[in-house]
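Hi there,

Here is the structure I promised to send over. Have a look first, and my notes follow below.

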Amino acid sequence: MMTRRALLALLAPLLLASCGSGSDLRPLTVVGWGGSSQDAHRQAYWSAFSRTTGIPLREDSWRGGVGVIRTKVMGGDTSWDIVQVETEDLILGCEEGLFERLDWSALGGREAFIPTAVHDCGVGAMLWSYVIGYDGDRIKGAGPRNWADFWDVKRFPGKRGMRKTPKYSLEFALLADGVPPDQVYPTLRTPAGIDRAFRKLDEIKPNVVWWSSISQVPDLLGSGEVVMSVTSPGRLVVANRTEGRHFKLRWDGNIYAVDYWVILANSPRKQEAEQLLRFMTRPENQMRLARFIPTGLTNIEANRRVDPKLKRDTPSDPANMTNALELDADFWVEYGDQLTQRFNAWVAR
Amino acid sequence: MTRRWVSFALIAPLLAFLIVSFIVPVLLMLARAVTDRDLDRTWPASAAALRTWDGEGLPPDALARTVAREMLAAHRAGTLNRVANRLNYDLVGSRSLLYTTADRLAAGAPGETLADLARIDRRWARADIWTVMRHADGPLTSYYLLAALDRRIDTGGHILRVPREQAVFVDIFLRTFKIASLVALFCALLGYPVAYLLASLPRRIANPLLILVLLPFWTSALVRTAAWAVLLQTNGVVNDLLQYMGLVDAPVQLIYNRLGVYVAMTHVLLPFFILPLYGVMKGIDPTAMRAASSLGAPPLLAFLKVYLPQSLPGVAAGAVLVFTLAVGYYVTPALVGGGADQMISASIAFYTSQSLNWGMAAALSLLLLLPLLLMLFAGRTMVRTVPA
Amino acid sequence: MLMAGTRLPLVEFRGVEKRYAGGSAAAVAALDLAIGRGEFLTLLGPSGSGKTTTLMMLAGFETPTAGDIRLGGRSLADRPPHKRNMGVVFQNYALFPHMSVAQNLAFPLRVRGVKGRKAADKVVAALTLVKLDGLGDRRPHALSGGQRQRVALARALIFEPDIVLMDEPLGALDRQLREHLQIEIKRIQRALDLTILYVTHDQGEALALSDRVAVFAGGRMQQVGTPGAIYEHPANAFVAGFVGENNRLAGTLVARQGDRCAIQLAGGQIIRATAADPLLPGDKVVAMIRPEHVQPGAVPPACCSTLEIDVDEFAYHGDHRRIAANVPGAGSLIIRVPVDMAAQRGDRMTIGWCIDHCLAFSASEIEPGKTS
């Protein structure tokens, strides 16, 4: 730990001078993913929280990656208190001690939440998924129903948009190849299964436009650059509402996962952060979130009481969950490096 | 002598700031490319025992016992992740192997012999996990640098290529340098005439034009990329134009491939080429060209023999700047490129922020940094030989 | 080369005019000028008088808006600078900083296809000509100002141009070096029988070097002639004032007979002068007399005019003394006197001059010269 301590010792005075001393002065800082998701959180939670508690709130946004937090904690940068993270970030960061362990009794107990939303270091913020999206104005009549159709370039000629990561791509390939959802990750844990997924990806590769930011998807679909795409529902639903588009979603075989709220271990405002966490997980508050963004809720009571219409484009609607697959973050923590390396080699060939 | 000390004292605060805030952290980070302290700091006894083991076949029971004890202790202390992740880099699956084994040990399963461990998980009876542990016993390692060059060390200590489907970094490095070189070349081809024009115009006209050159700075990468998508996509403006003019029959793929990368990167990096070149060109005596033509040189020859050589330091500075910035790009290539256009910085970012494999990130950074330093040195030498 | 420069002019400016877009006045107007072979002609004038523009038009870097320039009887109108075969020495020398001295000198040879041994020999000879033997490997920035000037000259000569154009070539040098190089330039011109068009604002330089001097002001050539003619017989008040030192005394013409005239100064004193312009009694005039032509003390009355002055300053100049004096009511005056003469501030003194030496010009004519 010599290295880390030396780094800290060297960096601490500087960072304290630049922002550390401000940490007592700066308000409670919450960090989201920006865009419409952050807007929704502000409207549903943050404004009301400041109004009712009188605690001022500062917002920041990031693009994920637990390394960012590790750097902050190691460097003595205490500018963030509460952050929205993905599952792999949660697992790695919790192991590293970057996050506070949560007091679940104060949050209403572990059993008040859907099981995937519960973790020692984090509580589920929202439930989201990756599905098939296409433009109803371009594919009239029966569109693709599932991943096998997504792969069928004879019936649905044209390019497909896929996220330029092995994560999701390998799972969807196996689903398209007929692997039952509950066998996807066991299959991927074998060398033969990985080879099978890549072979299936080979079939569609010439017809793929790889995207790397979800913000590209509405444009790719809207301009006809691709006829269908892997997408999260939110942006397409918003485009349908605000721009009069006719994007359609196919939920069969979707992959869903939870984003979590974590409190950083070096937060100087832990009590206020816990207060905000409690506020954001209360059923009556969570129900408000569904009004601003199509997302699944993690509080069981909120899920039960929320207007069913608001569930329609979310993983919380049971009708959407045929053949659905929960993202196995443990698998990706363990296989991520190797498969990313192999995927990058494959995608470049 | 005194004057030298005074000038040193004047820059000392900045120097100290740079050393503390930049150079030392960078060096500490780069050191991770060759240091390997996860295992020997978390499991000191096991590391010592691994060093004394000859590495032949399977380890003795004493070593297995030490490993089992320290594994359990680390699990209880919450530090098992360090070893688990480190071993997993080298041998995928080690992470879950360690965690499940530690869970079983915590639940009371015996861990006194190798056979005990093998009863918990058969993989303990295989040589590979032990070899990987022995390679990870620190304090120095060649693992990361070799891996960054698509190489690995086998059980016998030989350096081998990784399997073809895993070999990716050498390709990405070559691709990165190729893209950066070509972007620098395109910037030179497009930027030289612009800089020449700007330098030959009076300042009151040149300054507003310079602001136009700088415009790409002030738009975000996403907005720029979206704009290029509108222009270059299959049903985009450029394709419509090409078809309208009858140059092509069907839309051409202009984006989401290498061409898109070149277009977008050249666009955003062009100012970095034009500005230093403009500065150098402003310093070139305009009467030199007149002198050349009075001496009998036709315009093109005068340009080639008199103006061009004097502007080369600016070209070199611009090219070095563009190249250096270009090798660090990854957002733009990711947004407008295809599958085969990922650049090395994307890998570095992945290991730094996603997977927390900072050893790998450091090794890739080091391999990226060395050619850059060489090039900067070459650029400096070149600039020095052509005094302005 | 032909020695009889007057018979066949090498260069002719015929009705040449240069106007810049947006500029109201012509930079050069109605210029008629011929330069003979082997002649050293200097364009002299203050900055903005059109002399450099004239040189640049001949070199081909500026295009006349009217008129024609001829070289050896052929119009240069469609000939680009690189085909004019004129050696140009620029004010800042315009040496190529990325080439050595030898490479600079070899440049005009190389573009003419002269290479190898022959070119090397010419470079060595050129370096010897300008007394820079052995400095061929230096870069221009490693040379002194005077050395750079010599390189520029050598480079403009090495390809045996028809004419050498020099634009304020000594302007950036200190006085001593300037005078030294003037002699060098003159020596080389004689040795090679060069035709030189020389531009300067330094009248001393112009008089010392030139076969003929053309004085420019306000875009117009005021007078062209030998240095002696320019100095002794200036065509107008501007030339009289610009070339050499001159005292001006403003007054009104009261009488005239032939070219002799009488002028009443503002303070009431009457002086006599030679009328250089057609003047009539009652005209406002300015009388000009050079300091060295003023004689202190008693003067023979036949050819002389006299004037009472008050001594303001009495200064020692080594080989002579100068008196700055006040003409009561009519301004000031400088007089050169022998070094042994004594005077002091406050002395009243009578001075005089030969009438031939005091020239009266119309006062309005002095204005063009002032515009620059």
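Let me start with Ala360(C): leaving aside residues up to four places away in sequence, Ala360(C) touches Cys261(C), Ile263(C), Ala273(C), Thr274(C), Ala275(C), Ala276(C), Leu279(C), Val285(C) and Ala287(C). Touching, or being in contact, means that the C-beta atoms, placed from the backbone, lie within 7 Å.

Please keep in mind that this is a predicted model, where local features need pLDDT of at least 70, side-chain atom pairs count only at pLDDT 80 or more, and totals for chains, interfaces and linings use all residues. Residues are numbered from 1 along each chain as its sequence is written, while chains are lettered from A and ligands numbered from 1 in the order in which they are written.

Ala360(C) also belongs to the largest nonpolar core, which has 279 residues; together with Val322(B), Ala326(B) and Ala287(C), it touches the most other members. Such a core is a set of buried Ala, Val, Leu, Ile, Met, Phe, Trp, Tyr and Cys residues joined through C-beta atoms within 7 Å, and buried means that 20 or more other C-beta atoms lie within 10 Å of the residue's own. A second, separate core of 27 residues includes Leu63(B), Ala68(B), Leu87(B) and Leu114(B).

Chain A and chain C have no contact, with their closest C-alpha atoms 45 Å apart.

Happy browsing!

Terms used:
Contact = placed C-beta atoms within 7 Å. Buried ≥ 20, exposed ≤ 12 C-beta atoms within 10 Å, placed from the backbone.
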